[in-house]
Amino acid sequence: MDSLLAARWQMGVSLAFHIIFAVIGMAMPVMMVVAEALWLRTGNATYIDLTRRWAKGTAIFFAVGAVSGTVLSFELGLLWPRFMEYAGPIIGMPFSLEGFAFFLEAIFLGIYLYGWDRVGGRVHLSAGILVAASGAFSGVFVVTANAWMNTPAGFRTVDGQVVDVNPVAAMLNPAAGAQVLHMLMAAYMAVGLAVAGIHARLLLIGREQALHRSALTVALWIGLIPALLQPVSGDFAGRVVARTQPAKLAAMEGQFETRARAPLRLGGVPDVDTRRTPYAIEIPGGLSMLAHGDADRTVTGLNDVPRENWPPVVFVHLAFQLMAAIGVFLAAVAVWGAWLAWRHRVFNSRPFLGILVLSTPLGFVAIEAGWMVTELGRQPWIVQGVMRTSEAVTPMPGLVVSLVAVTTVYVALAVIVAALIRRQVIEIHP
Amino acid sequence: MPDPAFLLAVVMVLALTAYALLGGADYGGGVWDLLATGRSAPEQRATISRAIAPVWEANHVWLILVVTILFTAFPRAFGWLSVHLHIPLMLTLLGIVLRGSAFVFRAYGPGDERFSGRWGLVFAGASTITPVLLGIIVGAITEGRFDPEASSFRSMYLAPWLTPFAISVGFFALVLFAYLAAVYLTLEATRDISDLFRARALTAGALAGVMALIVFLLAGEAPHVRASLTRSAWAVPLHVATGAAAFATAMMLWMRRFRAARVAAAAQVALIVWGWALAQYPYLIWGHVTIQSSSAPRQVLVLLLQVVAIGAVILLPALSYLFSLFGPRHVHTGTNHK
């Protein structure tokens with residue numbers, strides 16, 4: 001395995017691992033404070049039980065997320081030193097802001113988790129709210145930095161030198177808004193629905209009805225509202241990609257030919273040799289419509305992108321199809337859930353609870369697939385159109401060693417976290 | 001306005017000081033967890049765990065702050081470190097991950113002895129190894145043995161940090177962190193345990209003195225360090241102050257004035273960090289990268305300073321609230337001093 005591939009794998013493994021913890025660290029506190037607020041309001045003991053369980057879950061996920069996030073902040077340099085020397089001044093700002101947001105999150109989580117008998121009810125709840133808010137801000141800042149890699153802004157290059165650096169303009173890059181919105185909604189959706197799925201399963205097998213009904217109610221509110229709206233933010237994000245990264249869009253859609261009335265493809269497997277995408281259901285003009293709001297508009301295909309600038313088309317297309325399919329499916333689940341809720345029949349509908357159980361991991365699968373679209377779809381660039389990933393990689397040889405070490409540690413941690421959550425958060429202890 | 005690059009370097013030194021005083025003591029707690037012996041070992045471990053649980057994550061963020069400021073304001077220094085100190089940095093990260101995860105696994109685990117014992121050992125082991133690695137990195141930056149002509153793996157990626165001096169700094173850091181932790185823990189424990197940590201603090205303090213001497217002697221390999229530590233105008237007053245703080249800590253420990261001992265020990269370690277920073281000035285990486293030669297464009301630095309200032313205004317009150325809630329537990333503050 002060459003250095004570049006090993007570095008990309010290590011970054012990929014580190015991100016794929018961290019993102020799960022980061023997302024849970026963002027959304028779990030929201031559920032925790034909603035449950036606590038309900039407890040303060042109703043005095044119903046079920047809610048305080050729920051609050052404490054979710055607080056435990058938050059504690060475990062936050063700690064592992066904190067340390068795996070530290071790994072990433074160093075890996076930016078350890079794996080991509082040339083990239084950081086180039087981009088550090090331009091996009092260091094959102095990382096520093098994220099550092100402060102993360103600091104606040106850690107401080108108030110400490111107060112929340114260990115301050116039950118040291119601060120009053122309102123102060124305690126406020127600490128929880130600050131945890132949730134700083135978590136969201138952390139997400140905003142980090143995604144902003146990533147968006148800059150897709151649509152670099154806020155600097156000029158003169159004779160190979162970076163000049164006129166404007167960190168604020170860099171943060172407000174064209175992709176930032178769409179990516180931030182899409183990611184934050186994905187986070188609340190994935191976590192809300194995962195928790196809902198777990199409690200739906202426990203309801204179906206007939207455990208502690210009161211607790212699981214309360215849990216399901218809170219989790220569905222957190223998960224289903226973003227699930228309903230996510231296709232809209234996805235459409236917005238898609239238009240930005242169409243405008244700013246045509247090669248990525250073409251790979252997502254398996255579109256080789258530049259043409260007007262480009263079709264939207266459902267499924268299909270791109271073949272980069274014949275430059276066609278067979279086995280797809282094609283909706284005529286659908287892609288032109290979605291990308292540019294007009295079925296007659298022209299969509300740039302990969303044939304008009306130099307071959308050496310192609311992303312890995314097959315992966316990007318399949319990952320995108322997977323993400324979009326899950327998104328549509330979960331939006332449908334949300335509509336069904338809203339209809340059942342309106343008729344007060346959520347808990348009585350076994351088919352709906354069954355679908356929720358099946359949906360437990362889907363939000364996370366969609367998040368991982370979506371990140372593969374974003375990151376693989378930008379290749380071979382680390383900064384779109386500015387710096388190639390191969391130019392950024394460290395000269396340090398033998399990266400496969402750290403890749404193996406990081407992968408081993410993360411797999412082990414994932415297994416233990418899963419076992420702990422199962423035991424300490426989900427199960428009922430007499 | 002003073003040079004913004006210089007101000008940001010000062011901010012980094014202050015954040016590093018906070019990391020040493022707070023995060024460092026958390027590592028030290030892990031060291032004493034590893035060394036917990038006797039019949040009261042479970043209680044010693046419980047005391048350590050109780051003291052660091054609410055604050056260790058916040059204390060850890062100082063390191064992240066240092067790194068983000070480093071790569072925003074001094075990107076060339078960050079690139080340099082990332083390439084040449086790749087191996088110790090990667091090992092440090094593994095240590096940080098294992099320590100944090102193991103701590104939370106133990107805290108939220110099933111509580112049976114086998115599980116707690118195993119993860120407690122990972123926590124304690126990683127808490128002991130990581131400070132040595134951090135110290136080695138600081139030592140390597142100070143010694144500056146990076147050969148721009150180097151071409152072999154050994155000379156590029158191992159030689160800069162596998163030196164007697166860097167390794168001695170690693171163990172100096174370990175001893176200092178254990179010393180800080182022991183001093184702090186005297187305030188967090190019941191009488192018997194407190195006495196135990198008092199004795200350990202005195203021992204670790206003496207050991208820190210020995211390690212400081214060893215580091216100084218090995219600094220002969222890095223003549224510039226010894227020169228700046230001895231000859232410059234600030235050297236003598238600084239050494240006198242550090243020595244006075246060390247002596248005051250020992251006296252206060254002896255007299256069981258643990259609050260005063262805590263302040264004195266913190267002052268001592270802060271003075272050591274500042275002494276190092278002064279000896280290092282104007283270099284970020286000795287002989288190779290200076291504050292000026294690696295700094296980002298001025299407008300970036302000014303903006304970052306503003307962010308830091310606003311951040312501090314929000315952060316510091318929140319932090320002081322955290323520590324006021326989880327400060328010393330007043331279980332034992334020394335009753336037989338007059």
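Student: Hey, is A:Arg275 buried, partly exposed or exposed?
Tutor: A:Arg275 counts as partly exposed, because it has 14 C-beta neighbours inside 10 Å. The rule is that a residue is buried with 20 or more other C-beta atoms within 10 Å of its own, exposed with 12 or fewer, and partly exposed in between, with C-beta atoms placed from the backbone. Quick note: this is a predicted model, where local features need pLDDT of at least 70 and side-chain atom pairs count only at pLDDT 80 or more, while totals for chains, interfaces and linings use all residues. Residues are numbered from 1 along each chain as its sequence is written, and chains are lettered from A and ligands numbered from 1 in the order in which they are written.

Student: Okay, where is A:Arg275 found?
Tutor: Look in the loop between strand 4 (264–267) and strand 5 (280–283) of chain A. Helices (H or I, at least four residues) and strands (E, at least two) are DSSP runs, numbered from the N terminus. The phi of A:Arg275 is near 55°, which is positive although the residue is not glycine.

Student: And what about the phi of A:Tyr279?
Tutor: That phi is positive too, near 65°, in another residue other than glycine. A:Tyr279 sits in the loop between strand 4 and strand 5 of chain A, and it counts as exposed because it has 10 C-beta neighbours inside 10 Å.

Student: New topic! How many residues of chain A are in contact with chain B?
Tutor: On chain A there are 54, and they meet 52 residues of chain B. In contact means that the C-beta atoms of two residues, placed from the backbone, lie within 7 Å.

Student: Which helix of chain A gives the largest share of that side?
Tutor: Helix 3 of chain A does, with 23 residues.

Student: Now B:Pro160: where is its place, and why does it count as buried?
Tutor: B:Pro160 lies in the loop between helix 7 (153–158) and helix 8 (164–185) of chain B. It counts as buried because it has 26 C-beta neighbours inside 10 Å.

Student: What does B:Pro160 touch, leaving out residues up to four places away in sequence?
Tutor: Its partners include B:His84, B:Leu85 and B:Phe146.

Student: Last one: which peptide bonds are cis?
Tutor: One runs from A:Gln379 to A:Pro380, with omega near 5°. Another joins B:Tyr281 and B:Pro282, with omega about 0°. B:Pro282 is in the loop between helix 12 (258–280) and strand 1 (283–285) of chain B.
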